Each structure stands twice: as structure tokens, then as C-alpha cells.
Amino acid sequence: MNMTRRRGAIALSITLGALLVGGLATYNIAWILLYRGRIAAIILGVIFFAMLTAGVVLNTVFLVREVRRNERQDSFLNAVTHELKTPIASIRLYLETLQRREVPEVQRQDFYKIMLADSDRLLGTVEQVLKAGELGSRHPQNRTVLELAPLVADCIAITLQRHHLPAGAIELTPVPPGVRLPVRAFPEDLRTAVLNVLDNAVKYSPNGVQVVCSIAIVRYTQVALTVTDTGVGLEPDQLKRIFKRFYRVPGRNAVKIKGTGLGLFLVRTIARQHGGDISASSPGHNLGTTITLRLPLANPTDESA
């Protein structure tokens, strides 16, 4: 219902804006015909109507943007509410079961594992929302030089455990012996970025997780982490939108996949704060996606600065 209302509001704003622009254009033509031969009056009239037209167009654009921003925020609130409510309800159910009746030890241990997994999910959602609010508050001089490959390997291990995946579901292409890939970063922020990229690759591979990660030096000055999955893929018009705040890929698959729409936005924010960037590519729908995180290559001999 809310989406229908917003679409109606967008259509109304665009229609009214078009009618006003058409009316102004008609008045402008009438003005020119009325004052033809009077150059000064015609010039003043054209400038005046041009300013009015520009104002109407800008106002319409801002109205449409505001409606769409409110729609994304509502989607975010609904997603966060679901992400918070679901694990809490699950934990409460298992606790009530344990409280009301005797449960065999084996089943009790299973309940504990499920509750711990739900609590991790709950904590992850809270941390993601908090991280979105605190980024940018740290001083760049507190960054440290660290090797990217061990951090990525650790994030892969965490993702495999978090999603209960076999070891081969996410593979990291070995770095050649002797090759160092140092970056200057806040370790926790960079860990958050890598975990979000991996988590996104897993979530959008509903028919089986097969993710390949690789790290390489590009253009002699950057380190690029590439994460390729075989999941639902992306259409060309979504390759940049997925990094916007609250944006979630529309369609049937996106509705079923859990998330807040903050993951890749956080990754892009962290990458840019570290002097890097992130990009996405995809052959198309159901053909997988490749996310590339690029960071400046640091001098391995430097210490924290």
C-alpha cells in the first residue's frame, strides 16, 4: 500500500511539473509574440520564464528524490525490524521450551547452538547499524600497516563458520611466495568491509555457494581484492545502485534474502575513507557477480602513522 502511494506521489509530482513547464513555455511564447520588436522586453521575459522553468524542474526533481529516499528508509526500517525481531523471537521460544519441560541433553545442546547462532545474527545486525553511524569519526593517523591476505583468509574462515559452509565453498587463490600485499587501514573497519563482501556473495547464492577470492597488485599502486560468486547476478543498471545506502536489489529473490541494505554501502564508505574504491560487474541475471575492492598499496616498511 505504501509503495503504491509513493508511486502515485511520484507520478503526480512529475505530471504537475510537466504541466507547469508546459504552461510556462506557452506563456513565454505568448510573451515573445506580444512584445515582438521590443528586444529588451523579450530578453527579460525569456530570462524570467527560464528561471521559473528551472525552479519548477528542480523542485520536481527534489520531490521525486525525497519520495524515493523515504521509500528506501522505510524498507531499511522494515528490514532491520525483521532482522532484530526474528532472532529474538527464536531465542525466546527456545528459552521458554527449556524452562517449561525437561529436554534431553543432546537436544539441549542443539538448542544452545541455535540460540548462539541467533544471538550472533542479532549482534551482527546491531554492529552493522552502529558501524554505519560511526564511520568517519576516527583519525586517519591511527591507521596501521597490515597484510591483506591473512586478514582475508581470517574473514573467509569466519564466513564459513557463520553460514555453516564446507571449506571449499569459499576459496582464496594463493598469493605467490614472497609477495607482500600491505595496506594502511583500520583493521576492524577493513575486516568489516571484507566480511560484508563475503556475506553478500553467500546470501545471493541461493542455489549453492561457490565463491572465489583473489588478491593482486594493480597499476603498481593498488591492492585489489576480487570476490566472484555464481549467484543471482545483477542487471547493468544495478551495478552502481547496490552501493547506495538502504538499496536492495528489487525482485523476487531480493525479498527472500535477509539484509538491511547497508552492507555494500559500508564497504564503499570504508574503501573511500582508506583512499580506495569498490566496483561490481556481472554477466547478467543468474550469472554471478564480481565485487572488486581496491585499496592503496602501503610501504611494508612503514609503521603506524
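Predicted model: local features only at pLDDT ≥ 70, side-chain atom pairs only at ≥ 80, totals over all residues.

Analyst: Strand β2 (residues 170–172) runs parallel to β4, and 3 bridges join the two. Strands here are DSSP E runs of at least two residues, helices are H or I runs of at least four, and both are numbered from the N terminus. Two strands count as paired if DSSP finds at least two bridges between them.

Residues are numbered from 1 along each chain as its sequence is written, and side-chain values use heavy atoms, with hydrogens and water left out.

β4 also pairs with β5, in the antiparallel sense, over 7 bridges. There Ser214 stands opposite Thr226 in β5. The hairpin of β4 and β5 has 3 residues between the strands, and Arg219 takes a positive phi near 55° in it.

Now the core. The largest nonpolar core has 43 residues. Such a core is a set of buried Ala, Val, Leu, Ile, Met, Phe, Trp, Tyr and Cys residues joined through side-chain atoms within 4.5 Å. Buried means under 20% relative accessible area, exposed over 50%, partly exposed in between (1.4 Å probe, protein chains only). Ile170, Leu190 and Ile242 have the most contacts inside this core. Elements giving two or more residues to the core include β4 (211–218), β5 (222–228) and α5 (187–203). α5 gives the most, with 8 residues.
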